[in-house]
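Here is a short briefing on one protein model. Look over the sequence and the structure first, then read the points below.

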Amino acid sequence: MNLIMRLLINALAVFILAHVLDGVTVNGYSGAIIVALVLSILNILVKPILIILTLPVTILTLGLFLLVINALIIGLADTLIDGFEVSSFWTAILFSVLLSLLQSVLQSVLKDKKK
């Protein structure tokens, strides 16, 4: 149940950011759920491989290269999903930063309401 709740929170964050950012579009809430699911799968399968391959660059940049990896994951999701579009690389970086912040806020708000 916790996994489904996190997926719905991520979908809500994707949906909100798609309406706030100009360069990001998603086709409805069902499209946001698909984007959240694909991003979760890519973060589980592809992101660790990219982190290991780019470890020297990540260490050299003190971890800032992880933003580039997150943008690449979002760009990959853009190519895999028809109803999701990110206009540029910089928009993908901004989207990834705002997505992680919004996910943290939504998860903390919903945890407080459960108690």
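**Pockets, core and aromatic pairs**

By class, the largest pocket is lined by seven nonpolar, seven polar and one charged residues. Here Ala, Val, Leu, Ile, Met, Phe, Trp, Tyr, Cys and Pro count as nonpolar, Asp, Glu, Lys and Arg as charged, and the others, Gly among them, as polar. This is a predicted model: local features need pLDDT of at least 70, side-chain atom pairs count only at pLDDT 80 or more, and totals for chains, interfaces and linings use all residues. Residues are numbered from 1 along each chain as its sequence is written, and side-chain values use heavy atoms, with hydrogens and water left out.

**Largest pocket**

- The largest pocket has a volume of about 330 Å³.
- A pocket is an open set of points on a 1 Å grid over the protein atoms alone, where a 1.4 Å probe fits, with protein on both sides within 12 Å along at least five of seven lines. Lining residues have an atom within 4 Å of a point.
- Grid points are joined across faces, edges and corners, and a volume is the space filled by probe spheres set on the points.
- The lining of the largest pocket holds 15 residues, and L39, N43, K47, L99 and Q103 lie nearest the centre.
- Two or more lining residues come from each of α2 (28-45), α5 (65-80) and α6 (89-114). Helices (H or I, at least four residues) and strands (E, at least two) are DSSP runs, numbered from the N terminus.
- α6 gives the largest share of this lining, five residues.

**Second largest pocket**

- The volume of the second largest pocket is about 160 Å³.
- L3, R6, L7, N10, L37, S40, I41 and I44 line the second largest pocket.
- The lining of the second largest pocket has five nonpolar, two polar and one charged residues.

**Nonpolar core**

- The largest nonpolar core has 28 residues, and F84 and F95 have the most contacts inside it. Such a core is a set of buried Ala, Val, Leu, Ile, Met, Phe, Trp, Tyr and Cys residues joined through side-chain atoms within 4.5 Å.
- α1, β1 (24-26), α2, α5, β2 (84-86) and α6 each supply at least two residues of this core.
- F95 sits in helix α6. F95 is buried, at 0% relative accessibility. Buried means under 20% relative accessible area, exposed over 50%, and partly exposed in between (1.4 Å probe, protein chains only).
- Beyond neighbours within four places in sequence, F95 is in contact (heavy atoms within 4.5 Å) with V14, L17, L21, V24, I74 and F84.
- F84 touches V24, T25, V26, V35, I74, A77, D78 and F95, again leaving out residues up to four places away in sequence.

**Aromatic pairs**

- The structure holds three aromatic pairs. Rings of Phe, Tyr and Trp (its six-membered ring) pair if their centres lie within 6.5 Å; planes under 30 degrees apart count as stacked, over 60 as edge-to-face and the rest as tilted.
- F15 and Y29 are edge-to-face, because their ring centres are 5.7 Å apart and their planes stand at 75 degrees.
- F15 lies in helix α1 and Y29 in helix α2, so this pair ties together parts that are 14 residues apart in sequence.
- F15 is partly exposed at 25% relative accessible area, and Y29 is partly exposed at 33%.
- F89 and W90 also form an edge-to-face pair, with 5.7 Å centre to centre and 75 degrees between the planes.
- F89 is partly exposed at 36%, whereas W90 is exposed at 66%.
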